[in-house]
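Please walk through this protein with the sequence and the 3D view side by side.

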Amino acid sequence: AVLVVDYGGQYAHLIARRLRELGVPAVVTPYTRVGGVDLSKYSAVVLSGSQRSVLEADPAVLDSARRVLGDAETPVLGVCFGHQLIARILGGVVEKGCGEYGRVMVRLVERDELFNGWGGEEYVWMSHGDCVSKPPPGSRVLAVSENGIVAALKIVLGGRVVYTVQFHPEVSHTVKGLKLLDNFARFAGVERKWVRDYYYSLTVVELEKYKGVEGPVVAAVSGGVDSTVAAALARRVLGDRVVPVLVDHGLFREGEVEEVVENLAKAGLKPLVLDEKERFLSRLEGVADCEERRRIIGEEFAKVFDQVMEEQGARVFIQGTTYPDIVESGGTGVADRIKSHHNVAGLPLWFREKYLVAEPLKHLYKDEVREVARMLGVPEYFVKRQPFPGPGLAVRVVGVFTRRKLEICRRASAVVEQVLRRHGLLDKVWQAFAVVGDDKWVGVKGDARRVGYVVIVRIVESSDAMTADYFKLPYSILDEVSREITRSIEDVTMVAYAVTTKPPSTIEPC
Ligand code: XMP
C-alpha cells in the first residue's frame, strides 16, 4: 500500500482516494503519527499539502519528513507543501510571496516517466503561497509553471528516487493528474487490487472491532446513502442485534420520512422512528448562528440516542460518518475546521466517552460509499439519492431560524426537485436545493405591494463534495423554477440562482 502523510491540506485525503481509484490501496496518517509507523510496510510514501507555510513548520513536521526521507528504499512523492518541505530539508530554498492559485499552465523541461502521457504543456491546479526559489543540490527540475515557478523536481538520494510537484495532481482540475499518480504508482511498483473489495474490507475491519461486545447495537439512520450503508454493513458483520433508529428532527424535506421508512424496509432495515420534531424546533427557534445550530442539533441527537441506548441496553453506536465529514470538521487534528458536521464535531464528547462509536465509512468518500452500497445490494433509491446534510434544512435557513423560513425552504426545495425531475436532471446533479435568508424584496402580488423573502436556488455538480461547480441550468428551466416558487409560496417575491464554485464557496450556505 501507499502511505499518505497528512499535513492538514484540504485535499490530503483526496490523494489516497485517487490512488484507490487506480486500484492502489492507500492509507492516510497525520504527520504527528509518522513516528510510530513501520515504513517498511509501504511501497511508497506521499507527503501532502498543508494550510501552513513550510517556513513556519514546527519541528514535528520537519522530523516526520526527515524520517520518511531517511528510510533508504521507499519512493516518495511530495505534493505542494510536501514539495517545499522536501526541497527545504534537502538544502533548497523556499521563499514567500510567489503564490499561484487556480488553473496554471506548466511546461515540461525534461522528459521523465513521471510525466508519461503528458503533453509538453498541461493545465494543473495550484494553491500555494510560498515556492521553491532554489532547488536542492543534485535535484533536477522537470517542470516549470507559466509564472516561472518550479513545478516539479526529481531528486536521486542514493538508490532511491524522490519526486516532488508544486501542483495538486489529486484535484480533478489538474487535467493529467490521475495519469501522474498512476505513473508514480507504476514507478514504485505498488501492487494493484480490485478496489471495491478494498473499500469493503476497510469498512469490515472497522466493524469487526465490535464483534466481541455483547447486546443490541444501535445504528442511526437518516435515509441517506451513508447511514443506510453503515447500517446494512453492521447487519452483515454484527447480525440481527443491530437496531436501526431514525430520529425525526423536523428538518427533513417534504414527505421524506415516510418515503425513507418505506425504502429502508425494502433494504431489510425496519427502523424505529422517533418523532422528536418539537424538541429540535423549539430549541432552534431564534438561533441565528449556524454553527450554534449544528451544536444544538448534535447535542439533542446525542440526548435522544442516549435515551434509546439506555432503553435498548446497547453499548455500540453506529453512524455513517464519511471522510469529508471528518476533514471539514477539523477532525483529522491537522486540517482547518470549515464546518462542524453534526456527527463529528457536533457529537458531544460525553457521548463518545459513554459509548463505543463505530464509524465504518470514515475512510471513504461518498462515491466510494455508493460502490459499497451496490456491492451490498442496497436499493437504488439510496444509491442514487443526493447527499443531504444531517442537520437537514437547518443549514439552509440562513440568519435567524424561524418555522416560517423553514417551511419556505422546504416548499421551495420541493419545487426545485420537482422541476428537475420533470426534465430528467435530478439524478444528474450532485445536489439541488433552495435556501432562505433574511433578505427581503419588494414585490407586487395581485396588484398589491408585498414585501417577501428571497429564495436562493443552488444546484451543483461534484464528484466528492470537496470541490463543486454550479450547474448550468438552461434559462427556460430556471424560469420554471422561479415561476413555480413565487406562485406556490405566497411570501416569496424573488428567486436567485447561486453561481459560485467551491472553493471559494461551500455547497451549503452555512
Ligand atoms: P459544504 O457545504 O461544506 O458541504 O460544501 C459538503 C457536503 O457536505 C454536506 N454537508 C453536511 N453534511 N452535516 C452533514 O452530514 C453537515 O453539517 C453538513 N454540512 C454540509 C453538504 O450537503 C455537501 O454534500
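Start at Leu108, whose bridge partner in strand S9 is Ala143. The model is a predicted one. Leu108 lies at the end of strand S6, which covers residues 100-108. S6 pairs with S9, residues 140-145, in the antiparallel sense, and three bridges hold that pairing. S6 also runs antiparallel to strand S7, residues 121-128, and here eight bridges join the two strands. Within that pairing, Met105 stands opposite Tyr123 of S7. In a regular strand the side chains alternate between the two faces of the sheet.

Five strands form an open sheet in the order S14-S13-S12-S15-S16, and their pairing is parallel. At the edges are strand S14 (272-275) and strand S16 (356-358), each of which pairs on one side only. On average, neighbouring strands of this sheet are turned by 30 degrees against each other, direction ignored. One of the pairings can be followed in detail: strand S13, residues 242-248, is joined to S14 in the parallel sense over four bridges. Leu246 is the residue that stands opposite Val273 in S14.

Now step back to the whole chain. The protein has 15 helices and 20 strands. Its radius of gyration is 25 Å, close to the 24 Å that the globule rule gives for 510 residues, so the protein is as compact as a globular protein of that length. The C-alpha trace spans about 75 × 60 × 40 Å along its principal axes. Of the 510 residues, 47% are buried. Among the contacts between residues at least 6 apart in sequence, 74% join residues at least 24 apart.

In helix H1 (residues 12-21), nine of the ten residues are buried, so the helix is largely enclosed by the rest of the structure. These buried residues are Ala12, His13, Leu14, Ile15, Ala16, Arg17, Arg18, Leu19 and Arg20. After H1 comes Gly23, which has a positive phi, near 80 degrees. Helix H3 (residues 81-89) is likewise largely enclosed by the rest of the structure, because seven of its nine residues are buried. The buried residues of H3 are Phe81, Gly82, His83, Gln84, Leu85, Ile86 and Ala87. H3 is followed by Gly91, where phi is positive and near 100 degrees.

How do two helices meet? Two packed helices are described by the angle between their axes and the distance between the axes. For helix H5 (residues 195-208) and helix H12 (residues 366-376), the axes come within 10 Å and cross at roughly 95 degrees. With that angle, H5 is roughly perpendicular to H12. H5 contributes Arg196, Tyr199, Tyr200 and Thr203 to the contact, and H12 contributes Glu368, Glu371, Val372 and Met375. The residues of this contact divide into four nonpolar, one polar and three charged. An α-helix has 3.6 residues a turn, so residues three or four places apart point the same way.

Two single residues complete the tour. Val481 sits in helix H15, residues 475-488. Is Val481 buried or exposed? It has 23 other C-beta atoms within 10 Å, and because the cut-off for burial is 20 or more, Val481 is buried. Leaving aside neighbours within four places in sequence, Val481 is in contact with Val415, Val416, Val419, Val457 and Val495. Val481 and Glu417 are 64 residues apart in sequence, while their C-alpha atoms are 9.3 Å apart in space.

Lys440 belongs to strand S17, residues 431-445. Lys440 has 13 other C-beta atoms within 10 Å and is partly exposed. Not counting residues up to four places away in sequence, Lys440 touches Val451, Gly452, Tyr453 and Val454. Lys440 and Val141 are 299 residues apart in sequence, and the C-alpha to C-alpha distance between them is 56 Å.

Methods: Residues are numbered from 1 along each chain as its sequence is written. This is a predicted model: local features need pLDDT of at least 70, side-chain atom pairs count only at pLDDT 80 or more; totals for chains, interfaces and linings use all residues. A residue is buried if 20 or more other C-beta atoms lie within 10 Å of its own, exposed if 12 or fewer, and partly exposed in between; C-beta atoms are placed from the backbone. Two strands pair if DSSP finds at least two bridges between them. Axes are lines fitted to C-alpha atoms, for helices over the stretch in contact, and angles run from 0 to 180 degrees between N-to-C directions. The radius of gyration is taken over C-alpha atoms; the globule rule is 2.2 Å times the number of residues to the power 0.38. Two residues are in contact if their C-beta atoms, placed from the backbone, lie within 7 Å. Angles under 35 degrees count as roughly parallel, over 145 as roughly antiparallel, 65 to 115 as roughly perpendicular and the rest as oblique. Ala, Val, Leu, Ile, Met, Phe, Trp, Tyr, Cys and Pro count as nonpolar, Asp, Glu, Lys and Arg as charged, and the others, Gly among them, as polar.
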